[in-house]
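The following exercises concern a single protein model. Please work through each task before reading its solution.

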Amino acid sequence: MRADPGEMVPKRLAFTMFALMFLCVALVAYAKENDVPKVGVLVEAPIVDQLEIVVTGDRVGVYTVHDTDGNLLVTSSDHLAGFIGVIGRVIERDRKVSGVTGNPSMMVVRRDNGNISIIDDSVGLTVELIGYGKDNVAAFAKLLD
């Protein structure tokens, strides 16, 4: 199959892309119209353990985690704790966009099914730590142990 010299995208490829797009829209419309049950949707299991924490960052990007009494629990510069800095930046950005002032506490929770979650009620954010790798999840799971 050769494309015309002045053709940037072959017509056959463009047709295939649009056909795939219309097929996806048709499948979604069918599922919505016929109330097809959702699959692959995370079910939030009951909370069995929780810890209220305060996460703060500094100018160089090191994030620290304290309990509500002010005791230092971990910093993102500790061994295998860099993911705490990643989540700290996400929370910080979400709060800035939402206009949250100050640094309210958030919760690290262990659910009945073993999942670890971070719940920030100040912006209504829940981060289920699944699919991030065991070392990253362990950085927060250690806080509950």
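The model is predicted, so local features require a pLDDT of at least 70 and side-chain atom pairs a pLDDT of 80 or more, while totals for chains, interfaces and linings use all residues. Residues are numbered from 1 along each chain as its sequence is written, and side-chain values use heavy atoms, without hydrogens and water.

**Exercise 1. Determine how strand S2 is paired and whether its residues are mostly buried or exposed.**

Step 1. Strands are DSSP runs of E with at least two residues, helices are runs of H or I with at least four, and both are numbered from the N terminus. Two strands pair if DSSP finds at least two bridges between them.

Step 2. S1 (residues 47–57) pairs with S2 in the antiparallel sense over five bridges. S2 and S3 (residues 72–75) also run antiparallel, joined by three bridges.

Step 3. Val65 of S2 is the bridge partner of Val55 and stands opposite Val74 in S3.

Step 4. Five residues separate the strands in the hairpin of S1 and S2, where Gly61 has a positive phi near 90 degrees. The hairpin of S2 and S3 has four residues between the strands, and Gly70 takes a positive phi near 95 degrees.

Step 5. Four of the five residues of S2 (63–67) are buried, that is, under 20% relative accessible area with a 1.4 Å probe and protein chains only; exposed means over 50%, and partly exposed lies in between.

**Exercise 2. Check the span of helix H1 against its number of residues.**

Step 1. The expected span is 1.5 Å times one less than the number of residues.

Step 2. For the 23 residues of H1 (11–33), this gives 33 Å, and the end C-alpha atoms are 33 Å apart, so the values agree.

Step 3. Just after H1, Asp35 adopts a positive phi of about 50 degrees.

**Exercise 3. Describe the aromatic cluster that Phe83, Tyr132 and Phe140 form.**

Step 1. Rings of Phe, Tyr and Trp (its six-membered ring) pair if their centres lie within 6.5 Å; planes under 30 degrees apart are stacked, over 60 edge-to-face, and the rest tilted. The count comes to two pairs.

Step 2. Phe83 and Tyr132 are tilted, at 5.2 Å centre to centre and 45 degrees between the planes. Phe83 lies in helix H2 and Tyr132 in the loop between S6 and H3, so this pair ties together parts 49 residues apart in sequence.

Step 3. Phe83 and Phe140 are edge-to-face, at 6.3 Å and 85 degrees. This pair links H2 with H3 across 57 residues.

Step 4. Phe83 and Phe140 are both buried, whereas Tyr132 is partly exposed at 37%.
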